[in-house]
Amino acid sequence: MPDAILEVKNLRKYFQVKMGFFSRATYNVRAVDGVDLTVGRGETLAVVGESGCGKTTLARTIMLLVEPTGGDIYFEGKNLLKLSDAEMKKVRRNMQMVFQDPFSSLDPRMKVKDLLYEPIIAQGGDEKEVLKERIPTLLGTVGLERWHMDSFPHEFSGGQKQRIAIARALTLSPSFLVLDEPTSFLDVSVQAQILNLLRKIQSDFKLSYMFISHNLRVVAHMSDRVAIMYAGSIMEKGRAEDIFKAPSHPYTQALFSAVPIPDPKRRRTRVILRGEVPNLVNPPPGCKFNPRCPKADKICSQRVPELMKVSAEHVVACHYPD
């Protein structure tokens with residue numbers, strides 16, 4: 001794996017909620033529960049899982065948009081949780097995020113030029129220089145025209161809005177982008193355009209990506225490595241080709257079995273998961289997946305499985321991996 005640009009160690013994010021009679025009792029929702037991840041320079045790490053598994057909370061916690069409950073986040077060798085506000089402001093130039101919904105991530109009252117130069121001005125840039133050179137260049141990079149600078153977000157299609165959001169993320173010349181399901185709100189034909197744009201930008205600007213998705217076909221197209229997430233924890237991670245060729249965790253196998261095959265003559269054995277995603281206030285003992293796992297036995301409800309090696313870069317948290 002390339003040198004790490006981001007390293008996450010035992011990251012936890014618990015949200016406190018009040019329940020019970022008169023809401024007197026306080027409980028923790030374990031949205032992110034002991035996650036270890038590494039993103040190499042110039043690579044794409046995809047974080048995959050069904051809705052509610054904690055993917056977006058993980059991304060927002062890494063970006064410090066929400067304060068972590070515990071753990072460490074190292075970016076380019078610096079522990080972000082130990083930096084001062086001034087030091088963190090400098091680091092933020094190099095790590096940016098593209099949000100899932102372009103309709104709500106852009107201020108409808110601001111013109112495109114205002115949306116793009118706002119982060120540059122916040123970092124002490126020169127407004128006139130930005131408007132003259134930087135913004136037209138950014139718009140061209142994402143496939144928009146110079147005259148789009150004076151338009152408002154409501155004048156654009158969904159795909160164009162996401163292009164603007166990508167341009168905004170690039171304004172400070174970052175080295176790392178978090179992409180939180182950047183195509184899930186878009187039509188299928190537009191999705192392909194945005195994904196190809198992201199790959200071209202990554203190649204041109206030597207970027208590292210953390211790509212959040214539940215679409216395995218998109219993940220196969222975009223990622224170098226994959227981490228499978230369930231109920232706030234990592235179940236399996238490794239090189240994309242290894243996981244797609246031989247998924248080892250029963251949850252990963254169930255996800256893969258649900259992907260349609262574009263050939264009516266081919267059939268795939270569908271793994272049907274019983275039950276529901278566990279309550280993160282009171283997760284099941286042992287492996288969090290054990291109430292739904294077709295392989296579960298006594299040990300699965302007694303002991304939390306540690307990540308064990310399947311191959312050189314492929315690890316899985318399961319007592320009985322394939």
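Ala231 counts as buried because its relative accessibility is 1%, where buried means under 20% relative accessible area, exposed over 50% and partly exposed in between, computed with a 1.4 Å probe on protein chains only. Ala231 sits in the loop between strand E9 (225-230) and strand E10 (233-239); helices (H or I, at least four residues) and strands (E, at least two) are DSSP runs numbered from the N terminus. Although Ala231 is not a glycine, its phi is positive, at about 50°.

The model is predicted, so local features need pLDDT of at least 70 and side-chain atom pairs count only at pLDDT 80 or more, while totals for chains, interfaces and linings use all residues. Residues are numbered from 1 along each chain as its sequence is written, and side-chain values use heavy atoms, with hydrogens and water left out.

A positive phi also occurs at Ser173, near 55°, again in a residue other than glycine. Ser173 belongs to the loop between H6 and strand E7 (176-180), and at 49% relative accessibility it counts as partly exposed.

The largest pocket holds about 430 Å³ of space. On a 1 Å grid over the protein atoms alone, a pocket is an open set of points where a 1.4 Å probe fits, with protein on both sides within 12 Å along at least five of seven lines, and lining residues have an atom within 4 Å of a point. Grid points are joined across faces, edges and corners, and the volume is the space filled by probe spheres set on the points. Of the 18 lining residues, Met95, Gln96, Met97, Pro119 and Leu172 lie nearest the centre of the pocket. Helix H2 (85-92), strand E6 (95-98), helix H4 (112-122) and helix H6 (158-170) each give two or more residues to this lining. By class, the lining has 12 nonpolar, 2 polar and 4 charged residues; Ala, Val, Leu, Ile, Met, Phe, Trp, Tyr, Cys and Pro count as nonpolar, Asp, Glu, Lys and Arg as charged, and the others, Gly among them, as polar.

Side chains of opposite charge can pair when their charged atoms come close. The model has 9 salt bridges, each a side-chain nitrogen of Lys or Arg within 4 Å of a carboxyl oxygen of Asp or Glu. In one of them, Lys288 pairs with Asp33, with the closest N and O atoms 3.0 Å apart. Lys288 lies in the loop between helix H10 (250-257) and strand E11 (307-311) and Asp33 in strand E2 (residues 25-40), so the pair ties together parts 255 residues apart in sequence. Both Lys288 and Asp33 are buried. Another salt bridge joins Glu50 and Arg292 (3.3 Å, N to O). Glu50 lies in the loop between strand E3 (44-48) and H1, and Arg292 in the loop between H10 and E11, so this pair ties together parts 242 residues apart in sequence. Glu50 is partly exposed at 24% relative accessibility, whereas Arg292 is buried at 8%.

The cysteines form 0 disulfides, a disulfide being a pair of cysteine sulfur atoms within 2.5 Å. For Cys53, the nearest cysteine sulfur, that of Cys287, is 14 Å away. The sulfur of Cys318 is 5.9 Å from the closest cysteine sulfur, in Cys293, and is therefore too far for a bond.
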